[in-house]
Amino acid sequence: MTMGGTLPAVVSVGKGLLVAAVLLGVVPVLAGTYQVLLAAGHGWRNHYGRCAPYFPRTAIIIPAWNEAAVIGGSIDRLMRLEYPPESVRVYVVDDASSDATPDIVRAKAREHPGRVVHLRREHGGQGKAHTLNHGLATALADGWAQALLIMDADVIFPPPSLRLLSRHLADPRVGAVTGYIREGSRPGNYLTRFIAFEYVTAQAAARRGQNVLGTLACLAGGAQLHSRANLEAIGGQIDTSSLAEDTVTTFKTQLAGHRAVFDPHAVVIAEEPGQVAALWRQRLRWARGNVQVTLRYRRLWFRPSAPHGLGGVSFGLFWFSVLLQPVFMVLATAGLVTLFFADPVLASHAFRGVWIVTALAYLLITLLTLLIDPTTGRRCWRQAVMFPGLVSLALIFYALFPGPASYLFEQLLSLTGVTLTHREERGIVLVIYLWLAVSMVVAWLAKLAEQRPGGRWLSPVLLHVGGYGPLLCAVTFAAYVKEARRAELTWEKTEKTGKALSG
Amino acid sequence: VSTAGRQRPGLPGTSPLARRGRREPAFDAELRQAQRYERRLLLKAHLCLLVIAMVAVLRQTFLLVE
């Protein structure tokens, strides 16, 4: 082949690769769409057919470090569960608390002799997994417990919740069951409502989809019920080497040949962070944990022949579409910007294609998610709409209705008396092409701004402009960096104030 | 399946019927309600897909008008 024939071929291949990079930007939304559509099939493929009335003797393990604001109320609620009283025993593992937690738990132990046990660790601060293990070792030491419920001190268990979970353990193939943690801060703020909507997508919708696949990614750390046999099969302990100990437990359960099941009707209530910085710390811990889990089980992914389902293609797609979302966004942006300089027309087509797919996926996921949990939907529909951020919403509108969007933009320019030169128009297009990556930076700035003067109003503005979704991507990106630097694994507890209500 | 702890009256799954190893109406009713809710999700998904289709048609109409 001559040089004259080779060069155009190389250019074509190069452009093809750039378009492929841009199209990576839709992988997460397509995976999200697939998952939410799978959730719709939960009516036909779920575990309810194998449920039976079953009330195993249950040891409830509550790790507690300075939980004076919530622990008393949590114990009282557990004492009122719709469950045979003689079959519930609460072990509060007090991790060297320095507040009134030990006094409160001791008082509750006196009030409910034999049903509430106070376990004290004099040297605490090693993290939740170590604290849990202290309780698990005690509860498993005698033969009383037939099942063990692991929960967080602030999580509100409404009366039916435990029996709704335990009915699944009637099937001996099931090793663990988790419930749906609904955000319950009252009155809450814009951020807790974003989290509430996120929990509908990430739990009520996504975990239904995972039930349909038969493989669960994570048993919620705040509400997981294990059979004794399952906990013993995975070593009777929770993993202490990872920041995602609940995900490791979930994987170990399924690798041991037991099923992990999600019951969306076993609803429990939790208080979530009302400040971006606190949310960032919590999610950084989770995201780093997920990076660790990915590396730890690196020989497991995309091996469909494995019997446990963790190697399934769909499961791998769901897992990596979340874990690699920042990578996809950066690659898509880089591809689009390079195309902008190399072939502006092709760049325009690729951009439009990505945003049309994103727009339709956004509509489907948002609508269906709101319908999956209408109770939360009524409270958080504004945050559901604003989830991708104001700029992305404008781009979604433009992708769907380019004519009206352009007309509105021109009207806006004429109202403000601004006339754009060709160079300025190109500049705006470039900024729009950069937005997938820039949105993460804007969301990250929302976290930075919060602690600065004026941050109380600036931070929400930045978060609404950048988007809550991009904030989660920025956290994942930060998790890559922390893992690459091998930063110290620290357990920073999320502050709980007891402002969650069960209503 | 162990029958441990099935003594408290009034809970689905704890009646004398359940203690004899038989399914009881209250427990089954609760399960049926959950199943109904789950099956309705498919209907909701169809509704959402219908909305998406309408949006797509609207988009094409706008493009044609232009």
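How much space lies in the second largest pocket? The volume is about 990 Å³. The model is predicted, and local features need pLDDT of at least 70, side-chain atom pairs count only at pLDDT 80 or more, and totals for chains, interfaces and linings use all residues. Residues are numbered from 1 along each chain as its sequence is written, chains are lettered from A and ligands numbered from 1 in the order in which they are written, and side-chain values use heavy atoms, with hydrogens and water left out.

A pocket is an open set of points on a 1 Å grid over the protein atoms alone, where a 1.4 Å probe fits, with protein on both sides within 12 Å along at least five of seven lines; lining residues have an atom within 4 Å of a point. Grid points are joined across faces, edges and corners, and the volume is the space filled by probe spheres set on them. The second largest pocket is lined by 27 residues. Closest to its centre are Y398(A), F409(A), I428(A), V429(A) and I432(A). In chain A, α13, α15, α16 and α17 (422–450) each supply at least two lining residues. Helices (H or I, at least four residues) and strands (E, at least two) are DSSP runs, numbered from the N terminus. By class, the lining has 19 nonpolar, four polar and four charged residues. Ala, Val, Leu, Ile, Met, Phe, Trp, Tyr, Cys and Pro count as nonpolar, Asp, Glu, Lys and Arg as charged, and the others, Gly among them, as polar.

Chain A contributes 48 residues to the contact (heavy atoms within 4.5 Å) and chain B 34 residues. Together the chains bury about 3500 Å², 69% of it on carbon and sulfur atoms. Buried area is the accessible area (1.4 Å probe) that two parts lose on being put together, summed over both. On the side of chain A, P53(A), F55(A) and F401(A) lose the most area to chain B, together 17% of what that side buries.

Two salt bridges cross the interface (side-chain nitrogen of Lys or Arg within 4 Å of a carboxyl oxygen of Asp or Glu). R208(A) and E38(B) form a salt bridge at 2.8 Å, N to O. α13(A) gives the largest share of the side of chain A that touches chain B, nine residues. That side divides into 32 nonpolar, eight polar and eight charged residues.

Backbone geometry was also examined. Most residues other than glycine have a negative phi, and most peptide bonds are trans. R186(A) and P187(A) are joined by a cis peptide bond, with omega about 5 degrees. N66(A) has a positive phi of about 50 degrees.
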